[in-house]
Amino acid sequence: MQKMIKTVLSLSAFVTFSAMSEALRIEITQGVSSAQPIVIVPFSSEQVIGGLPVDIAQIVSDDLARSGRFKPLPRTDMLNKPSSAEQVNFRNWQSLGQDNLVIGRVTPTANGMLTVQFQLFDVYKGEQLTGFSIPANTANLRGVAHRISDLIYENLTGQKGAFSTRMAYVTSMMGANGKQEYKIQVADADGYGAKTIVTSTEPLMSPSWSPRGDKISYVSYEGRRSSIYTQTLRTGQREKLRSFKGINGAPSWSPDGSQLALTLSKDGSADIYIYNVITRSFRRLTRSYAIDTEPDWSPDGRHIIFTSDRGGKPQIYRISASGGQAARVTFEGSYNARASYSPDGKYIVMVHRVNGQYRIATLDLKSGFTNILTNGSLDESPSYAPNGSMILYSTNDGLKSILAAVSSDGKVRQKLRLQEGEVREPAWSPFK
């Protein structure tokens, strides 16, 4: 029996006044040989006058392939293209060695709306695993497709899909006036739908998502002085935190959205402070003559990890969010920095130096094992997907800075490029 999703999926949360920007082009550079075979049949839409603006099945196929967990069958190899359960011949797909089959159709409803239906089958058992009917309109079909990918991914892996999430990042390119132009942009997880939330001729840094995904905090050097801003995505309204003399940087939201951890040097040395969003007050968390920076909250909100050179070289330390003594977390290597927690709190991802090369690595907090995931020379700014399956980061591609992604086990790798300019400082959004 098919299930009904009652809420219309919408992509209207982006800043409405922002111009659409060029999409990031994603290239899968390394996959998994044991990826699960799956068929995503083109969705039927004969009843829709004028056709559809996007190919839903192709978006789903691309999503699943990008995860590295699935290997969609090319359309040229499909023996037929059923759109209803009655048309499915499971033996056809068994002969092609396919494990699962997805079929779907799009039909018009009242008031110019659409209904997108899909079904997921186990080919060898010959039974439906799940099926949904999703209300939609032509403007949000990409969002519907990503939602379908999430549902399929979760059903087959047991892990929540992250295809409907977004990413923020900083771009830089030469403007028409001959000056460098910096932008913070927000795009879908597949690189489409990029929108600019702020533009400046001075550097922009460190975008950080609020836990509800409705705001982004970042550092701006407008007026040639670092300041921290928080911006609401729907309205574009932004608020400047007090800009103290010296360093104002590295904002990080608490899991409940009530506080920001950040780096300030207003009292002399660079230390970690806690900013209360409600009372707009600051509380000093660390007190060291060293540089304490790049804070990140544990998923339960009880601890904060940060980078400090108090031991002579940059390493990761952990401190209670209520204060106290900081304890060193990393011991392997002479440089570990820019750390953040995995969504389950069992790992941290960080920049780890190996023979002069800066790589992305994870640290198992229980065993202490460090796993190097990348092989670049200047990999930086790692950010976990909200389901923990992938890690987004920036790297060098020749003389150009691009984004890249690697699976948390290091088996799947991707590159995300802009045709012009550079892109860096990625931050993966939370679940909607």
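Predicted model: local features only at pLDDT ≥ 70, side-chain atom pairs only at ≥ 80, totals over all residues.
Which residue stands opposite I305 in β21? R318 does.

Strand β20 spans residues 303–308, and strand β21 spans residues 315–320. They run antiparallel and share six bridges. The I305 and R318 positions face each other across β20 and β21. A turn of six residues separates these strands in a hairpin. G312 sits in that turn, with a positive phi of about 110 degrees.

β21 also pairs with β22, residues 327–328. Here too the sense is antiparallel, over two bridges. Y317 has R328 in β22 as its bridge partner. β21 and β22 form a hairpin, with six residues between the strands. G323 lies in the turn and has a positive phi of about 110 degrees.

**A four-strand sheet**

Elsewhere, an open sheet holds four strands in the order β10-β9-β8-β31. The pairing is antiparallel. β10 (195–200) and β31 (422–428) are the edge strands, each with a single partner, so one side of each has no neighbour in the sheet. From one strand to the next, the twist averages 20 degrees.

Inside the sheet, β8 (residues 166–174) meets β9 (residues 180–188). Nine bridges join this antiparallel pair. A168 has V186 in β9 as its bridge partner.

**Pairs side by side**

| Strand pair | Sense | Bridges |
|---|---|---|
| β20 and β21 | antiparallel | six bridges |
| β21 and β22 | antiparallel | two bridges |
| β8 and β9 | antiparallel | nine bridges |

Technical notes: Residues numbered from 1 in each chain as written. Heavy atoms only, no water. Pairing = 2+ DSSP bridges. Axes fitted to C-alpha atoms, helices over the stretch in contact; angles between N-to-C directions.
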